[in-house]
Amino acid sequence: MTIYAYIDLNGRAVNFVSGDAFPEIVPEDCTAVELNQPNYGYGWLWDGTALVDDVSPPPEIPRSVTPRQVRLLLLSQGLLDQVEAIIAASDKATQITWEFATEFRRDNPLLLALGYNLGLTDEQIDQFFIAAAQL
């Protein structure tokens with residue numbers, strides 16, 4: 001038997017039904033979606049593919065990542081060449097910092113400046129550090 005969630009206009013799960021076929025009757029202010037996940041709950045947020053318990057604590061933002069992690073993530077996002085061009089056009093102290101740093105801290109002025117030059121918000125820089133720490 002399949003579980004279906006009714007998702008309201010705010011993207012929240014407001015009801016669940018089970019059945020062998022997609023629900024024929026769906027409340028006017030809801031959308032029905034098939035769930036393919038073992039855990040779910042009322043009020044969870046539909047992210048387009050699954051229900052997410054968005055009341056869980058957000059992932060911890062690493063205080064620092066290695067230069068290797070930064071460069072690999074920039075490479076995977078197609079940004080490494082752009083960043084290297086920015087560094088090449090910068091002063092010698094910036095170039096030395098980029099080349100020889102043993103870690104990049106989240107509050108590092110060089111990384112913050114690079115992020116802003118790339119048009120990234122503080123939240124996107126946080127997400128960058130979270131992703132980089134996984135490499």
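The side chain of glutamine 37 comes to 2.8 Å from the backbone nitrogen of leucine 51. The model is predicted.

**Glutamine 37**

- Glutamine 37 sits in the loop that links strand 3 (30-35) and strand 4 (45-46).
- The relative accessible area of glutamine 37 is 19%; buried means under 20%, so this residue counts as buried.
- With neighbours within four places in sequence set aside, the contacts of glutamine 37 are Trp44, Ala50 and Leu51.

**Nonpolar cores**

- Nonpolar side chains tend to be buried together in soluble globular proteins.
- The largest nonpolar core here consists of 18 residues. Val70, Leu74, Val83, Trp98, Leu114 and Phe128 have the most contacts inside it.
- At least two residues of this core come from each of helix 1 (67-76), helix 2, helix 4 and helix 5.
- The most is given by helix 5, which supplies four residues.
- Leucine 74 is in contact with Leu79, Leu80, Val83, Trp98 and Phe128, again leaving aside neighbours within four places in sequence.
- Another core, of eight residues, lies apart from the largest one. Its members include Ala5, Ala13, Trp44 and Leu51.
- Two of the residues named in that eight-residue core, Trp44 and Leu51, are also contacts of glutamine 37.

**Helix 4**

- Helix 4 covers residues 109-117, and its buried residues are Leu110, Leu111, Leu114 and Gly115.
- Viewed down the helix axis, these buried residues fall within an arc of 135°, so they line one face of helix 4.
- Pro109 and Asn117 are exposed, on the other side of helix 4.
- The partners against which the buried residues of helix 4 pack are helix 2 (80-88), helix 3 (92-100), strand 7 (104-105) and helix 5 (122-133).
- Leu114 is one of the buried residues of helix 4 and is among the residues with the most contacts inside the largest core.

**Ends of helix 4**

- At the start of helix 4, asparagine 108 places a side-chain oxygen within 2.7 Å of the backbone nitrogen of leucine 110.
- Leucine 110 is itself among the buried residues of the helix.
- Glycine 119 follows helix 4 and has a positive phi, near 80°.

Conventions: Residues are numbered from 1 along each chain as its sequence is written. This is a predicted model: local features need pLDDT of at least 70, side-chain atom pairs count only at pLDDT 80 or more; totals for chains, interfaces and linings use all residues. Side-chain values use heavy atoms; hydrogens and water are left out. Buried means under 20% relative accessible area, exposed over 50%, partly exposed in between (1.4 Å probe, protein chains only). The arc is that of the directions from the helix axis to the C-beta atoms. Contact means heavy atoms within 4.5 Å. A polar contact is a pair of N or O atoms within 3.5 Å; within protein, one must be able to donate a hydrogen and the other to accept it, and residues adjacent in sequence count only if both atoms are side-chain atoms. A nonpolar core is a set of buried Ala, Val, Leu, Ile, Met, Phe, Trp, Tyr and Cys residues joined through side-chain atoms within 4.5 Å.
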